[in-house]
Structure formats: C-alpha cells, structure tokens
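Here is a briefing on one protein chain.

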Amino acid sequence: MTKLPPPQLTQTPNSRLSNWMPQTDAAVVALARDGDSEAFRALVERHSRAVFRLAHRMTGSPQDAEDVVQETFLKAYKQLSRFESRANFSTWLHRIAVNSSIDLIRSRPHREAAHDSADLDQFGTDDHVQAGQASPERLMLSTEVQDRVTAAMSTLSRMERAAFVLRHFEGHSIDEISRALSLKTNATKHSIFRAVRKMRVALEPLVSGD
C-alpha cells in the first residue's frame, strides 16, 4: 500500500474536493486506504465541522477544540488501515474525537471542588427529575434553546463539562466515565451532579416557562 503524505487538516479552498461530495463515506475511505491523499482530504472537509462541534462541547474551548480536530484526523489517518469497511465512518471518527478530547482534558491539571455528603445523597434523585417535569437534558433536544444551553455549559468546570457530556450526550455509564476521566466513582457522580445543578439553575427561566 502506498504511504500517504500527512494530511493537510486546515481547510483551504479546493474545487477538486467538491468532486468527492456525492460519493459515500465508504467509497471515499476505500480510495483513501488505497493511497489517494485527495480522498482523505475530502473526508476531512466533510467531517471536520462535526468533529469541531463535538470537541468544543467536550472541552469548552475553541483552541482546545481545534487541537482535538487535528489530533482526531491524524489518528484517523494513521489508523485508516484498521477501519472496518462495514462500519460507519462518522461513528468511528466520533469515537476517536471523544477519546482525543478526553486525552486532552486528562492532560490538563484540574481540581475537584469541595463537596459534602448531602450532595451524594441527593445525586440519585436530583440527577433524574420526576416524570413530566422539564429538565436541562430534555431541553437540549430543542433547537430553540441551544444558545442558552451553550451559555449555561460555559459555567461548568472542565471536568464537570466532560463528565456531563459523556453522561447526557454520549450516554456512558458512571463506571465508563470514571475510567475515561481517571476519577473515582464518587468524584464522577459529584461532577455530574454539580454540572446538572448548574445547568438547571442557568436554564431555570426556560424550565419554569418565565
């Protein structure tokens, strides 16, 4: 297999890339695996915005998100030969982006905020609102409140944000999040609890209908 040159990840005007857009991911990936560097750049063009949105959601920082985008596509480029053709490329890339975001978050020093035992006692009920009540998690499904959600998420610490996204956007279990972020189970629960509490406060006007 011909070795590909390192991909150019920054987007530049290139009319040739538009020729790839009608083709399916599977077809373009197959060409990229056979050594076509233009095909891989077409994949970057096609998926970079989605990867950036995910990375920004995870990290809360445009600069960090850009780093994650670079790292994600470099990893994808290096691992392309291991990609299963029957798999969904965007799902595979999404998983790499999540892991790259986690790696970046874990590489930065962080300090968990102090908490008391009452927090943990409330976690089981406060993280799951009663049926029929509006919640930040449900509100996120509404496009009308995306700007408010973005602003609310900016109030979260790095670790709270990562734990919250992994839990409520990515659907990971507490144990999976604990392993991913190298946190103890209680620390993970507290991070999610504090994130949900902050989100609920920030979104209270929407929840109450005021």
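In this predicted model, Leu 104 counts as buried because its relative accessible area is 11%, under the 20% cut-off. Leu 104 sits in helix 4, which spans residues 89–107. The points below cover its surroundings first, then the rest of the chain.

**Around Leu 104**
- Neighbours within four places in sequence are set aside here; beyond them, Leu 104 is in contact with Thr 59, Asp 64, Asp 67, Val 68 and Arg 158.
- Val 68 lies 36 residues from Leu 104 in sequence. In space, the two C-alpha atoms are 7.6 Å apart.

**Fold**
- The chain has eleven helices and zero strands.
- Read along the sequence, the pattern is α-α-α-α-α-α-α-α-α-α-α.
- Take the contacts between residues at least 6 apart in sequence: 69% of them join residues at least 24 apart.

**Burial and surface**
- Of the 210 residues in the chain, 40% are buried. Leu 104 is one of the buried residues.

**Largest pocket**
- The volume of the largest pocket is about 260 Å³.
- Eleven residues line this pocket. Closest to its centre are Arg 53, His 56, Arg 57, Gln 146 and Thr 150.
- Two helices, helix 2 (37–59) and helix 7 (146–153), each supply at least two residues of the lining.
- By class, the lining holds five nonpolar, three polar and three charged residues.

**Confidence**
- The mean pLDDT over the chain is 77. A score of at least 70 is reached by 70% of the residues.
- Confidence is highest in helix 3 (residues 62–79), at a mean of 95. It is lowest in helix 5 (residues 117–126), at a mean of 39.
- Residues 1–7 have pLDDT below 50. Beyond near neighbours in sequence, this stretch makes 18 contacts in the model.
- Residues 111–133 also have pLDDT below 50. That stretch makes 34 contacts in the model, again beyond near neighbours in sequence.
- Where pLDDT is low, predicted coordinates should not be read in detail.

Conventions:
Residues numbered from 1 in each chain as written. Predicted model: local features only at pLDDT ≥ 70, side-chain atom pairs only at ≥ 80, totals over all residues. Heavy atoms only, no water. 1 Å grid on protein atoms, 1.4 Å probe; cavity = no way out; pocket = protein on both sides within 12 Å on 5 of 7 lines; lining within 4 Å. Points joined across faces, edges and corners; volume = space filled by probe spheres on them. Helix = DSSP H or I, 4+ residues; strand = E, 2+ residues; numbered from the N terminus. Nonpolar A, V, L, I, M, F, W, Y, C, P; charged D, E, K, R; others polar. Buried < 20%, exposed > 50% of the residue type's maximum accessible area, 1.4 Å probe, protein only. Contact = heavy atoms within 4.5 Å. pLDDT = per-residue confidence, 0-100.
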